[in-house]
Amino acid sequence: MALIISGANKELVELYSGYDSAKVGAGLLQPDVYLTPSYSKKKVKTILLGTLAEISYGGAEYDRTPLILPFLVESQYNTLLAFNLHYVPYTIRRNILKVILDMNYARIKSNLPIIVDYHSVVKLVPQAQYIVRRYKQALVSLGSHGGSIPLSEWDKAIKGASKWQSHWKMVKEGKV
C-alpha cells in the first residue's frame, strides 16, 4: 500500500469503512413491474462512492467491465459520475488514486467518507479529465462479489493491464 497512500498504517487502511453509497441495478427502472417487493429489492444493489468498483455496464460502447471510482450521483439524471481507470495506464491510475487518498488522509483517519474533488484531481493529473464517464444507475451491475474493492486492496486492483489503457488519448484528440 506504500505506493498509493503515504503516512497511513496498514491497520488504518484495513479498518476504513466510511463510504457513502448509491443504489444501482435493473430494479431502479420500474420497481413496480416485479411481482413482489422482496424480488424488486434483489434487483437493486448498493455501490460505494469514493472507492474502486468492478462493474458490468449494459450501456457500454467500449469497456463493458470497467474499473471505476464513482464520486458523484447525479440524481436528476439517475447517473453516477466516475473515473474509468481502465482508460489509462498503471502509472496514471496510481497518480490519480494517490492524489485522492492524500487529499482525504484526515477523512480516512476519522472514518469519514472519501470526497473526490474533480477539479483538484484534474489539476494535479491532467489525464484524469479524459476518463470521467456517466453511468446510468439502472445499467450498472455489480455481480455476485459486490463490485466494491476495499481500500486495502487498491494496489492490487490497479496493477492489471487493460486493452483500453490508451483510450484517454483518443478522447483527448477527439477521435471518440
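Which residues point one way from strand 6, and which the other way? Thr 79, Leu 81 and Phe 83 point one way, whereas Leu 80, Ala 82 and Asn 84 point the other way, and all are buried, buried meaning under 20% relative accessible area, exposed over 50% and partly exposed in between, with a 1.4 Å probe and protein chains only. The legends below describe a predicted model, in which local features need pLDDT of at least 70 and side-chain atom pairs count only at pLDDT 80 or more, while totals for chains, interfaces and linings use all residues. Residues are numbered from 1 along each chain as its sequence is written, and side-chain values use heavy atoms, with hydrogens and water left out.

**View 1. An open sheet of 5 strands has the order 7-6-5-3-9 with antiparallel pairing.** Strands (E, at least two residues) and helices (H or I, at least four residues) are DSSP runs numbered from the N terminus, and two strands pair if DSSP finds at least two bridges between them. Strand 7 (132-136) and strand 9 (148-149) are the edge strands of this sheet, and each has a single partner strand, so one side of each is left without a neighbour in the sheet. Strand 3 (residues 52-54) pairs with strand 5 (residues 67-74) in the antiparallel sense over 2 bridges, and Ala 53 has Ile 68 in strand 5 as its bridge partner.

**View 2. Strand 6 (residues 79-84) is mostly covered, with 6 of its 6 residues buried.** In a regular strand the side chains alternate between the two faces of the sheet. On one side, strand 6 pairs with strand 5 in the antiparallel sense over 6 bridges, and Leu 80 is the bridge partner of Val 73.

**View 3. Arg 134 and Glu 74 meet through their side chains in a salt bridge, at 2.6 Å from N to O.** A salt bridge is a side-chain nitrogen of Lys or Arg within 4 Å of a carboxyl oxygen of Asp or Glu. Since Arg 134 lies in strand 7 and Glu 74 in strand 5, the pair ties together parts that are 60 residues apart in sequence. Glu 74 counts as buried, because its relative accessibility is 10%. The structure holds 3 salt bridges.

**View 4. Lys 98 and Asp 102 form a salt bridge between their side chains, at 3.1 Å from N to O.** Both residues lie in helix 3 (residues 90-103), 4 residues apart, which is about one turn of the helix. Lys 98 is partly exposed at a relative accessible area of 27%, and Asp 102 is partly exposed at 37%.

**View 5. Lys 175 forms a salt bridge with Glu 173, their closest N and O atoms being 3.1 Å apart.** Lys 175 and Glu 173 are both exposed.

**View 6. Tyr 62, Met 170 and Val 176 make a nonpolar surface patch of about 240 Å².** Patches are made of residues with over 30% relative accessible area and no salt bridge, like charges being joined within 9 Å and nonpolar side chains (Val, Leu, Ile, Met, Phe, Trp, Tyr) within 5 Å; accessible areas come from the Shrake-Rupley method with a 1.4 Å probe, and for residues only the protein chains shown count as cover. Met 170 lies in helix 7 (residues 167-172) and is partly exposed, with a relative accessible area of 35%.
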